[in-house]
Amino acid sequence: MSLRYTSRRIRPGKLWSPPTCLNGSHTSKVTFGWQKCRSVASTASAEKVLFPGALNSEFTNTLNFLRPSNKKAIPTYRVLDQYGEVLDKETGVDTEDGEALTLYQNMVCLSIMDLLMFEAQRQGRLSFYMVSAGEEGIAIGSASALSPSDVIFCQYRESGVYMQRGFTLDQFMSQLFANSKDAGLGRNMPVHYGSKELNIHTISSTLATQIPHAAGAAYALKLQNMQQPGVPPRIAVCFFGEGAASEGDFHAALNIAATRQVPAIFICRNNGYAISTPTSDQYRGDGIASRGAGYGIDTLRVDGNDIFAVRRATKEARRRALEDGGRPILIEMMAYRVGHHSTSDDSFAYRQKLEVEDWKRRDNPITRLRKWLEGRNLWNEDKEKELRSRTRKDVLKAFERAEKEKLPPIKHAFDGVYEKLTQEQRLHIEELKDILQRYPKEYDVDQYEGGVKSLDQLLDEKN
Ligand SMILES: Cc1ncc(C[n+]2csc(CCOP(=O)(O)OP(=O)(O)O)c2C)c(N)n1
Ligand SMILES: [Mg+2]
């Protein structure tokens, strides 16, 4: 994202001076819809009071506490029912057959990659992995409804976003093996993908940190969209789990996004669990969607097993996010985490196998789309078999290629932080070199590109 000129071009005084306001009439020329008039002391006969903190609140003499548990739960938007039937035939699915087939193939590819990588970790060939089982439709469906230039922030269970944007199997595998072709130089643990070309920020393990980052990026994009009226406007999109939404970062991010009215979509994947913590221990409100109203944010709850609903919701959210210069939108995508949290977890220690089996059988984004495709004679068992066998081969080939690659030069453990090496870094490098040269059997660095020599290279480069 190039925001280099932002601070120089923007003239804060002109764009951001608070509007002067007298009895509701705005005198400033540059006034956004959200910069509404502040409080005005009410007259004796007023029915509403304009306290600075709650505009338009009517007086009442009824002592009525809000009791959220008495309210009906927020509805869940869907386009297809469980059997792949379109609910509203008039509106349809607004997805071309060809595109639906691509979405299906991508979901199948993701699920096959997940299965094979999970097994590879069990065989000790990978150190760690996380699957998206049950949530393929959320990542792939939402990514398909965005503009490629929109800036995305992921948590870690959204590999489908990368796949839909064009991250190749070789790129996935290179990151998983942290080999010399990994764009992250082998510094991150597996599944922490990133892609500058695809406008997706690198995943960070520290839960929820991506949410304020996305709010900040959306604010920058808001300014950029204003400065470049000829360039198609962009938004920021942020994915996170319902567990991450318990972090303070979630609240801070949504509040600043709302007060600054930034063009952002916050997509919560509510899959029922945060590792072993079920949602019943995570919150008492009506999911994450109910929080949107508290921040004054347009909000929708969607059936994450329905890729057409995910797409339509995201498309409409994007349109709204760009309205009047920008506004944040919250979408809660409902799902069930079918797999274990990660390869480090055994979920049957805290949930019944039966519960998982039941979800697998009853509802799933892949089978639901397959039913729709079959209903339109676009898919059948032969095509399914051919797709699965071809995809399996493709994944395994990429896996083997990545496994054979050398590992990145060990110098990357030190570079990229300071322009020039510090005295202390030099000492560390010399010490490492000494240890590696003294104990070649214990530390076999030949598998790293350049071996020990890459350290000399760094010392020379940064002289
Ligand atoms: C700040 C922080 N606290 C705790 C953890 C450990 N942790 C990793 S994933 C996770 C659960 C997150 O659950 P959720 O956001 O619902 O995402 P899901 O795994 O269900 O997709 C936890 C607690 C962490 N990585 N970072
Ligand atoms: Mg979760």
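Modeller: Start with the ligand. A residue is near a molecule if its C-beta atom, placed from the backbone, lies within 6 Å of it. This is a predicted model.

Biologist: Which residues surround ligand 1, and what makes them count?

Modeller: There are 15 residues around ligand 1. The closest are L207, G241, G243, A244 and A274. Each C-beta lies within 6 Å of the ligand, so each residue counts as near.

Biologist: What classes make up the shell around ligand 1?

Modeller: The shell has 5 nonpolar, 6 polar and 4 charged residues. Gly counts as polar, so G241 and G243 fall in that class.

Biologist: How do you know that α3 meets α13?

Modeller: Contact needs C-beta atoms within 7 Å. Residues of α3, including L101, Y104 and M107, meet residues of α13, among them I366, L369 and R370. By class, this contact has 10 nonpolar, 1 polar and 1 charged residues.

Biologist: At what angle do α3 and α13 pack, and how far apart are their axes?

Modeller: Helix α3 (residues 97–122) and helix α13 (residues 365–375) pack at about 150°. Their axes are 10 Å apart. The crossing is left-handed.

Biologist: Why should residues 1–35 not be read in detail?

Modeller: Confidence runs from 0 to 100. Over residues 1–35, pLDDT stays under 50. Where pLDDT is low, the predicted coordinates should not be read in detail.

Biologist: What is the mean pLDDT of the chain?

Modeller: The mean is 91, and 90% of the residues reach 70 or more.

Technical notes:
Residues are numbered from 1 along each chain as its sequence is written. Chains are lettered from A and ligands numbered from 1 in the order in which they are written. This is a predicted model: local features need pLDDT of at least 70, side-chain atom pairs count only at pLDDT 80 or more; totals for chains, interfaces and linings use all residues. pLDDT is the predictor's confidence in each residue, from 0 to 100. Two residues are in contact if their C-beta atoms, placed from the backbone, lie within 7 Å. Axes are lines fitted to C-alpha atoms, for helices over the stretch in contact, and angles run from 0 to 180 degrees between N-to-C directions. Helices (H or I, at least four residues) and strands (E, at least two) are DSSP runs, numbered from the N terminus. A crossing is left-handed if the near helix is turned anticlockwise from the far one by less than a right angle, and right-handed if clockwise.
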